[in-house]
Amino acid sequence: MARGPNIRSMTLDFWRRFWWDLDLRRAVSVEHRSGEETRVEVEDRLPHLLPRGAGPARYRVTTRRRRMETDRFRDGDLRGRIGRAAAKARHRALFCVDLRTEEVVCALCFHVDEDPRLPVHLRELALSEADDRHDRALSRFCGTLLLASLAEVGSVDHRGRCVGFLAEGDAREELAAQFGFRPAQRPASIAGPGTYMLMEPPPRLPKG
């Protein structure tokens, strides 16, 4: 049986060798309209663990709404929450599309608070639940691409290059830690149960 890709190694490679030079910020647009909420647009195409332009684009990172296949994303409520966030004119979802198949392999939705002192906050992260372990592994790697892009939304909006997350429950906290989130001091305006966490690129990943 073929071994799956080493996602931790791929993720470390991305952060150490390619993240900064890829300049993900250039693909992010943040617009403040008078009397309206902040509008976010992200549109990028990235190679697989190569400098930009050194190979064909493999992933598309976009705020444009895309279909999430049910065999890969089995939680209908989660698909619905991300779909509704994407449908808003202010764009509150990110999708990672595998350009080989034109299918979504990872998605998230996020919140931009009215308080400009707060970071952009991750709401939900949808990872593949497909039977194929290679598909699940690819989805995890693409989660890193999306979170790196989301941190740039905060940077462009002058909130800091970081992502906040309120992890409700041990499973969500453990998952967040795998992507480099670490417990942090909770802002006074953030209510609700759970552990408040931050991810600041390049994150320190757990061993293992």
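Me: Is C106 buried or exposed in this model?

Reply: This is a predicted model. C106 is buried, because its relative accessibility is 0%.

Me: Next, the nonpolar core. Which residues of the largest one touch the most other members?

Reply: In soluble globular proteins, nonpolar side chains tend to be buried together. In this structure the largest nonpolar core has 49 residues, and F14, C96, L108 and F181 touch the most other members. Helix α3, residues 133–156, gives the largest share of this core, with twelve residues. There is also a second, separate core of 13 residues. Among its members are M68, F73, A107 and C109.

Me: What is L108 in contact with, leaving aside neighbours within four places in sequence?

Reply: Its contacts are I82, R92, A93, L94, L122, E124, L125, L146, L147 and L150.

Me: Now aromatic pairs. How many are there, and how is one described?

Reply: A pair of aromatic rings is described by the distance of the centres and the angle of the planes. The count here is six. One of them is Y59 with F141: the centres are 6.0 Å apart and the planes make an angle of 55°, a tilted pair. Y59 lies in strand β3, residues 59–62, and F141 lies in helix α3, so this pair ties together parts that are 82 residues apart in sequence.

Me: Are Y59 and F141 buried or exposed?

Reply: Y59 is buried, at 0% relative accessibility. F141 is buried too, with a relative accessible area of 1%. Both also belong to one aromatic cluster, together with F14, W15, W19 and W20.

Me: Turn to the strands. How many residues of β7 are buried?

Reply: Five of the five, so β7 is largely enclosed by the rest of the structure. Look at the two faces. On one side V163, F165 and A167 are buried, and on the other G164 and L166 are buried. Both faces are therefore covered.

Me: Which strands are joined to β7, and which way do they run?

Reply: There are β6 and β9. Strand β6, residues 120–127, runs parallel to β7, with three bridges between them. There, L122 has F165 of β7 as its bridge partner. β9 runs antiparallel to β7, with five bridges. There, A167 has T195 of β9 as its bridge partner.

Me: What do β6, α3 and β7 make?

Reply: A right-handed β-α-β unit.

Me: Backbone angles next. Where does a residue other than glycine have a positive phi?

Reply: H91 is one case, with phi near 60°. H158 is another, at about 60°. H91 sits in the loop between α2 (76–87) and β4 (93–98). H158 sits in the loop between α3 and β7 (163–167).

Me: Is each of these histidines buried or exposed?

Reply: H91 is buried, at 14% relative accessibility. H158 is exposed, with a relative accessible area of 68%.

Me: Where is the cis peptide bond?

Reply: It joins P201 and P202, with omega about -10°. P202 is in the segment after β9 (195–199).

Me: Last, L50. Where is L50, and what is it in contact with beyond its neighbours within four places in sequence?

Reply: L50 is in the loop between β2 (38–46) and β3. Its contacts are F18, L22 and G55. L50 is partly exposed, at 33% relative accessibility. The C-alpha atoms of L50 and E173 are separated by 30 Å, and the two residues are 123 apart along the chain.

How values were computed
Residues are numbered from 1 along each chain as its sequence is written. This is a predicted model: local features need pLDDT of at least 70, side-chain atom pairs count only at pLDDT 80 or more; totals for chains, interfaces and linings use all residues. Side-chain values use heavy atoms; hydrogens and water are left out. A nonpolar core is a set of buried Ala, Val, Leu, Ile, Met, Phe, Trp, Tyr and Cys residues joined through side-chain atoms within 4.5 Å. Buried means under 20% relative accessible area, exposed over 50%, partly exposed in between (1.4 Å probe, protein chains only). Helices (H or I, at least four residues) and strands (E, at least two) are DSSP runs, numbered from the N terminus. Contact means heavy atoms within 4.5 Å. Rings of Phe, Tyr and Trp (its six-membered ring) pair if their centres lie within 6.5 Å; planes under 30 degrees apart count as stacked, over 60 as edge-to-face and the rest as tilted. Two strands pair if DSSP finds at least two bridges between them. A crossover is right-handed if, with the strands pointing away from the viewer, the path from the first strand over the helix to the second runs clockwise.
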